[in-house]
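Keep the 3D view open as you read.

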4 protein chains.
Amino acid sequence: MPELIFPLDSTKSFTEQAKVGHNRWHPEIPPVATVKPGDSFRVHCREWFDGAIRNDDSAEDILNAPLNRVHALSGPFAVEGAEPGDLLIVDILDMGPIPDEDSGPLAGQGWGYTGIFAKKNGGGFLTDQFPDAYKAIWDFSGQTATSRHIPAVSFVGIPHIGLMGTAPSHELLAKWNARERALIETDPNRVPPLALPPEPDGAILGGVPESEFDRVAREAARTAPPRENGGNQDIKNLTIGTRVFYPVFVPGANLSLGDLHFSQGDGEITFCGAIEMGGFVDLHVDLIKGGMEKYHVGENTIFMPGRTAPQYSEWLAFSGVSVTLDGEQRYLDPYLSYQRACLHAINYLTTFGYTPEQAYLLLGAAPIEGRLSGVVDIPNACATVYIPTAIFDFDVRPGSGTPYRIPEGTNVPHASAG
Amino acid sequence: MPELIFPLDSTKSFTEQAKVGHNRWHPEIPPVATVKPGDSFRVHCREWFDGAIRNDDSAEDILNAPLNRVHALSGPFAVEGAEPGDLLIVDILDMGPIPDEDSGPLAGQGWGYTGIFAKKNGGGFLTDQFPDAYKAIWDFSGQTATSRHIPAVSFVGIPHIGLMGTAPSHELLAKWNARERALIETDPNRVPPLALPPEPDGAILGGVPESEFDRVAREAARTAPPRENGGNQDIKNLTIGTRVFYPVFVPGANLSLGDLHFSQGDGEITFCGAIEMGGFVDLHVDLIKGGMEKYHVGENTIFMPGRTAPQYSEWLAFSGVSVTLDGEQRYLDPYLSYQRACLHAINYLTTFGYTPEQAYLLLGAAPIEGRLSGVVDIPNACATVYIPTAIFDFDVRPGSGTPYRIPEGTNVPHASAG
Amino acid sequence: MPELIFPLDSTKSFTEQAKVGHNRWHPEIPPVATVKPGDSFRVHCREWFDGAIRNDDSAEDILNAPLNRVHALSGPFAVEGAEPGDLLIVDILDMGPIPDEDSGPLAGQGWGYTGIFAKKNGGGFLTDQFPDAYKAIWDFSGQTATSRHIPAVSFVGIPHIGLMGTAPSHELLAKWNARERALIETDPNRVPPLALPPEPDGAILGGVPESEFDRVAREAARTAPPRENGGNQDIKNLTIGTRVFYPVFVPGANLSLGDLHFSQGDGEITFCGAIEMGGFVDLHVDLIKGGMEKYHVGENTIFMPGRTAPQYSEWLAFSGVSVTLDGEQRYLDPYLSYQRACLHAINYLTTFGYTPEQAYLLLGAAPIEGRLSGVVDIPNACATVYIPTAIFDFDVRPGSGTPYRIPEGTNVPHASAG
Amino acid sequence: MPELIFPLDSTKSFTEQAKVGHNRWHPEIPPVATVKPGDSFRVHCREWFDGAIRNDDSAEDILNAPLNRVHALSGPFAVEGAEPGDLLIVDILDMGPIPDEDSGPLAGQGWGYTGIFAKKNGGGFLTDQFPDAYKAIWDFSGQTATSRHIPAVSFVGIPHIGLMGTAPSHELLAKWNARERALIETDPNRVPPLALPPEPDGAILGGVPESEFDRVAREAARTAPPRENGGNQDIKNLTIGTRVFYPVFVPGANLSLGDLHFSQGDGEITFCGAIEMGGFVDLHVDLIKGGMEKYHVGENTIFMPGRTAPQYSEWLAFSGVSVTLDGEQRYLDPYLSYQRACLHAINYLTTFGYTPEQAYLLLGAAPIEGRLSGVVDIPNACATVYIPTAIFDFDVRPGSGTPYRIPEGTNVPHASAG
């Protein structure tokens, strides 16, 4: 185990820890620790809602989840010698749920959750079809997840870091705020919103001095979207063995991370689609000096996935095109195409007795793949979703026989958005 | 070799063959042959432009490619007993370039091509950055492709059927025409167009009697987009060993296919991104009676990919978010995100001396993967493109050493759109 | 298709062809064609028994198979400039059954066979348990094989070249003959024999002049065993995309090949365990001058497997140790361990209603893997055999439910060794 | 984390622990704990030599390693309701080095070792070529191993349980002792010995009462070989996610385990070829009542490998046949063939500057594969060893360029056997 430079105590809240992290992006959040190129170190990460979601059979916690307080991030960690223009190499050496804590009230203590967020509190990919809040609890057995809310499935997780990124410069932050504000202003009252503006309420800013706190909180960017610095990319392949290259925008690079997932399908389609957990991450860092110019990288990450993602060789795949459910033709819209592909998969899974909510939550959490299969054949983009057949305890393939039916009587917790 | 029920003579044009196929969708195009459930059969397919693109070092043929005449499809093939509501099972038993014809003027005779279409003649995924016409010729050695126009790369192809589908019913055809016309009318003079309306000029309609030809040609849908019947999905995983399930909309199902590709990356991003070829396909068909209702399938294909796609275990991946090159924030737009990810990859590859056009054509043709990595983190969708590192003759990974440079002096054929 | 330099006419026997191959190893067999480094070319190959085994339901042909006449090899092909001490690079560009001949009396015309050879005529890996002759016929559908003699299984083949090698020098040939003769003399009347001495009866020697024929036939080595020159390695991974490096022992290298297999498990355990076929091979050759010394290669091949072997991700594996069925302890004998592991697999498969012969033939033909798992834990070597579960139409895994039973009434053809 | 039912304190020796394990097989060793079918539990395991091998640059510890004291096993664990004739299902949920102990004197505390044992103290697969003692120390970074003794290589480990098995019945134990004694008596003074008889010196027998200790110690079987009960199979695929089925020979099954490996190649060819470590294992157990008869399993394990073994897609493979280095022909001896294949690989690797000892130790530790490629082609068995090319920091493939040379000056610790 490399040196633990950001410990968390599971019995205390995120703001009561020895070292306090942050939940906004701002260049003035001071590093909590400094490492050298070539160093390895361990970081604890809190689950993104800091314990607000419980291991129970109610979805009220999802319905009322405090979105202003996410994501609980560990860091920033400064890297000695890093300067704007460098590429920061981050190797994910190891990661997993909270070590040696097999039970407890905090996601990561032997369990995790997937949520469908209500349309009025965050929404999600299929929020028009699923406007209420739902939840599934997953139990971990080694690398395998099962859920008491979704019978007859189990799968090997692909643990990954949902959110990791370098700090923005003041200039980059200003750019983010300007462009996102411009988008919001095109439809400021939309539910769910088009984007999230800076929000002082709930802001956690690490070691920002009190004198600067209010200003920084008003300027600091929310952590929901991925941006030039990496951020909340929710790429399921940022797993053990993966090497990520981050652009450096401030001296020291100031790397932060959090939002660990036990597993997730491409797209994290239920918004909180992954199996959310707290846990640990072991990282190794290095620098390519001047790497941004050398490799023509202006923004966003480059990465090389690890070698130990779960291997499946049989997939059932569903396709969709960019026509709305009402029959309206859209132009090369893979977002819509992927919605339609996912809805096709959900409809298909009801054949076996799953409710649409169970199927939707499963697609968010299992290691499905989402592909941009065709993006040039006007006017229809074609998107595809691939489900590994081996995650089902039964034969899920279409055939001439009688389809299996799961035992009746289970469903996922539900909270009406009223 | 199963019985050849649709032969093509490479020395004759598509309309001069013993059996004439079609290049439009219409329920009244009569079957050229009838098969039984359980049958296996061989079909020849002409490359999608019926030979208009040549194995030379000019891109004039791409610039002036006759888009009204695509796609040259083999079929329709009726399946005995198929009725609307059934699912048609199609197994791709085998496929490949034109057998025993290793050289000649027709793509598929030992070679294929990838094209970047000019903005004024079709366009493509990155048409604003690449408004002119370009072409790359690929030579086949067994399952491997190399190009005299793009040095220092070679890759194992993933041969697949770009376009396969069942015939639409009159009702479904009417729906297509109505919704696509409505889209076109929102910006009828757009270049490239939003969609392609029925076009009698260049229509090939198989055995439609002369008396009905003009009417059918005015009604028949273009083959460019994928739709409810499958169609031009351009899914690179419709390869040998793959099983596809098609909704049946007319008695007999009336399956047609064409647009064979030697290889392609997810998205077929240059529009003619695949390595286009003519060739042969061996199919096996069967039926799931009443399968659409039984499995809750209303439209679009379901498929199970084969087991022999080329295996790579090291990938270099690029990510993009939905912010335009001009810095405008868009809302959850994975089309834009994938454009940005592909542009990042193209920029990166110029490090090694490739021109942007070489890199763009390579991404279209090689077995890259395009993923919908994040579709819920407002306002930014995150898309990723994965390139197998082993397709390069050199070490393509970022590092502290001096990057390799390809030999100078090669480039792809270019024709200015003027 | 590269130039066909060794054509075979399926209607004629191996010795009546335009170019006549050979079935013995000898440095004086003259090349039938000469190629240059960098050349690609096509070769036809006859199935190893030149048509003696038929597509029927009798095993008499296996019982009486003319072992003196194998293997029918295509070649030798001389490579310009090759000299002793070089490494010959052979890329397998493509291969498959006899093109365009889907039916007929010759294995490779849409079908192939697997045989259990009788103890008195060749024997096999488990000849003490299976002393009689048996046969299974396999039908090819694209890349998939099924057998009317072994129900409820189908698998994607891994076509490969069973036998390929360079010609031995006189010195090397003399070494072979001396050491094999010495082995035979330790038990000259053993059934099956310990090794096969040179045998003029049935010898085919290509263009060896009549004046030298008898002498060469008396000297020439049999083709059964793999040796320093590669030869009958029966490595299932010598498939499409594979690169093999051969030591060169004579000027021109003089490469020969044959014994094509549609599929095979590691070990080819029934002796004729592969699915035998005739067919075509496309090769590309090159040289590493002085490569044997440069890379410290004195003998035997090095190879790099291709990327398109069928992918399976679920395996049922059986282990065995080096104790005989009678309970006698042997010392680190992985041959015995693998026999025991295979017998365990055969016993297991009888659970589902297979006869031992069906199971044995299946293990020879399907893409199973055989591993040397432990070779140091005295006194027991541990060998393991891995069977892909997806080749069965039913759930083959052990569990608490009732095992599936295959339909009764099928078995494999049998001929008693009397 | 499931309940820890067998804890080990790294600061104390194996016999001073709260619960004491064992290092011999005997039915009378009482269970240290009892679990129920369906239970999950955690077990600590000591490295096989209980700390005798140190993280230093001397091989004296290997030369004098106390073979009488291996393997330090955790258990036995009784399973409620298990009876002779059942199959015990063991799922490996998770495993790894000693948790939270990144440094220290015990293998598993952030490091592990591979040893070549001297011919006079254990020997190994190539003991005639390597009669002295050698050692390599490996450092763990997450799932990756590197060694200061073997430059320019790193690889993702495949952690696995080297030794796991159920207790033998008295009858089975008597059979083992009889057959192994018979083997020893054929050459009682052989060095290394043919097998290891019961040896009271160094025996650890858990809770066997003092009154019975001497008798049991004289009867109890050594743990070196794999046998009917599983045991020291050293199968590298008994990794996370793997399900193993064990025959049950005594009431309660009495499962024991140990000899954890961070990584290993097929064969564990240097005898102590794996990267040895102590660590933890999480298991889940269940029963198939009467499973031995139901599935025709008389002995030895069946297993289904997990899904997360490191994925490599490029391999360099070496072949060998059963001819001795002195040129003597042996009959179908894959042990010899695998020796020759491994020696070919070792010779090849010296091209790059590795010493033979470095290459040999690397083949033992890295995730190489060893295949029984041909076992019927008299008189030569063909064995093959596959090395993943990506474990090298340089291009290890044969070619026309100048081979890379590793930096001079490193070698592995050596202790002369005198």
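The paragraphs below start with one chain and then move to the contacts between chains.

This is a predicted model, in which local features need pLDDT of at least 70, side-chain atom pairs count only at pLDDT 80 or more, and totals for chains, interfaces and linings use all residues. Residues are numbered from 1 along each chain as its sequence is written, while chains are lettered from A and ligands numbered from 1 in the order in which they are written.

Begin with chain A. It holds 6 helices and 21 strands. Helices (H or I, at least four residues) and strands (E, at least two) are DSSP runs, numbered from the N terminus. The radius of gyration of chain A is 21 Å, close to the 22 Å that the globule rule gives for 418 residues, so chain A is as compact as a globular protein of that length. That radius is taken over C-alpha atoms, and the globule rule is 2.2 Å times the number of residues to the power 0.38. Along the principal axes, the C-alpha atoms of chain A fill a box of roughly 65 × 50 × 45 Å. Of its 418 residues, 63% count as buried. A residue is buried if 20 or more other C-beta atoms lie within 10 Å of its own, with C-beta atoms placed from the backbone.

Now look at how chain A divides. Its domain assignment gives domain 1 (4-304) and domain 2 (315-415). Such bounds come from an automatic or database domain assignment. The C-alpha centres of the two domains of chain A lie 27 Å apart. Across the boundary, 38 residues of domain 1 are in contact with 28 residues of domain 2. Contact means that the C-beta atoms of two residues, placed from the backbone, lie within 7 Å. On the domain 1 side, the largest share, 6 residues, comes from strand 9 of chain A. That side divides into 20 nonpolar, 11 polar and 7 charged residues. Here Ala, Val, Leu, Ile, Met, Phe, Trp, Tyr, Cys and Pro count as nonpolar, Asp, Glu, Lys and Arg as charged, and the others, Gly among them, as polar.

Strand 7 and strand 8 (residues 144-147) of chain A pair in the antiparallel sense over 4 bridges. Two strands pair if DSSP finds at least two bridges between them. A:W138 has A:S147 in strand 8 as its bridge partner. Strand 8 then pairs with strand 9 of chain A, antiparallel, over 3 bridges. Again the hairpin has 2 residues between its strands. A:S147 stands opposite A:I150 in strand 9.

Next, the neighbouring chains. In chain B, 82 residues are in contact with 82 residues of chain A. The chain B side has 43 nonpolar, 24 polar and 15 charged residues. Strand pairing crosses between these chains too: strand 18 (residues 315-321) of chain A and strand 17 of chain B pair in the antiparallel sense over 2 bridges. There, A:A317 stands opposite B:F303.

Chains C and B also meet. Their contact takes 22 residues from chain C and 22 residues from chain B. Strand 5 (87-97) and strand 16 (279-288) of chain C each give two or more residues to the chain C side.

Finish in chain D. Helix 5 of chain D is mostly covered, with 15 of its 17 residues buried.

Technical notes
A residue is buried if 20 or more other C-beta atoms lie within 10 Å of its own, exposed if 12 or fewer, and partly exposed in between; C-beta atoms are placed from the backbone.
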